[in-house]
Amino acid sequence: MKRILSLIVTAVLTMTIAVSSAFAQTENYVAIGDSLAAGQTPYQQIDAGYSDLIALRLESTRLLSFYTKELAFPGFTTADVLKRVKSEEVSDLLADATLITISAGANDLLRLVHVNPTAGTLTFSQLQTDYALNVARKNMVEILEELKVRAPKAKVYVMGYYFAYPNVHASQKEGTNTQLIKLNMILQQQAEYAGASYVDVYDAFSINATNFLPNPFDVHPNFEGYRQMANAFLHEYSGSNALAISSNELPKPNPMSFEQILAKQGNAEQKRQAEKEKPSPTARVIQGFKGYAAFIEKARAI
């Protein structure tokens, strides 16, 4: 038995070293975008999302030196993301980034879709959605151009989207699904034009993915859904499945409400003041919400 365990440990270490040696540097990872980048759960809480899972995998293979998702916030549209990327307060953060993921565009579109979960119906105005998609396209062009200047060392990955309404009647899905496909095409095209990479998550979900989207009243995925998104990125990032996360490697759920996050942040701030300590420069690395300035600023305004 000891010999078998020894062989398993050796194999895992060999794989870790091999994966790490395939990359020239460890990453300073900045996740930018909406509630998916922030890790919103199907029940209006915040937990580990796809960006956290990516960071955990990179850390476990010694490929991560820094991680933050403070440039992500639930409800962000492409206009909000652009404003955030342009702000002077994040200049140093972006300048040091070597890896960036962006989730932006869904809120431009989905806020125009009227959902009746009880009746299982979806309605939208084609004129409004066409306009919103064009705005998203223009903003994404500018976001990617800004990042070329403000994050010159970063490899940029634009995340695609899944169909968010698997619980509605089958006859109601086609129209909204078509708009989502248009959004994904825009994101892919703009990523390619800017020399960034596009991460396709649509096929991993399908239009019937109730197993990943369990709440018919909410568009956010569970851990398994976020795992699918993280693995789609990791495949694009590494060119193989070597970094793929299995279901049994997911962290234990630790959802927090906005109120709990604010309370935790307040207690941490009081402790720092009492001890007269400055925040560690690595405080954002796999540490929940430390350094999550954008989240706290917005949450306090709610």
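A crossing of two helices is called right-handed if the near helix is turned clockwise from the far one by less than a right angle. The legends below describe close-up views of a predicted model.

**Close-up A. Packing of helix H7 against helix H8.** In this predicted model, helix H7 (residues 126–150) packs with helix H8 (residues 170–193) at an angle of about 20°, and their axes are 10 Å apart. Because angles under 35 degrees count as roughly parallel, H7 and H8 are described as roughly parallel to each other. The crossing that H7 and H8 make is right-handed.

**Close-up B. Residues at the contact of H7 with H8.** From H7, the residues Gln126, Thr129, Asp130, Leu133, Arg137, Met140, Val141 and Leu144 meet Gln179, Lys182, Leu183, Ile186, Leu187, Gln190 and Ala191 of H8. By residue class, this contact of H7 with H8 comprises 8 nonpolar, 4 polar and 3 charged residues.

**Close-up C. Strands E1 and E2.** Strand E1 (residues 27–33) runs parallel to E2, and the two are joined by 6 bridges; Ile32, for its part, has Leu71 in E2 as its bridge partner. Strand E2 (residues 64–72) is mostly covered, with 8 of its 9 residues buried.

Close-up D. Apart from neighbours within four places in sequence, Tyr29 is in contact with Tyr50, Ser51, Ile54, Ala55, Leu64, Phe66, Tyr67, Thr68, Leu99 and Thr101. Ala55 is 26 residues from Tyr29 along the chain, and the C-alpha atoms of the two are separated by 7.4 Å.

Key
Residues numbered from 1 in each chain as written. Predicted model: local features only at pLDDT ≥ 70, side-chain atom pairs only at ≥ 80, totals over all residues. Heavy atoms only, no water. Axes fitted to C-alpha atoms, helices over the stretch in contact; angles between N-to-C directions. Helix = DSSP H or I, 4+ residues; strand = E, 2+ residues; numbered from the N terminus. Parallel < 35°, antiparallel > 145°, perpendicular 65-115°, else oblique. Contact = heavy atoms within 4.5 Å. Nonpolar A, V, L, I, M, F, W, Y, C, P; charged D, E, K, R; others polar. Buried < 20%, exposed > 50% of the residue type's maximum accessible area, 1.4 Å probe, protein only. Pairing = 2+ DSSP bridges.
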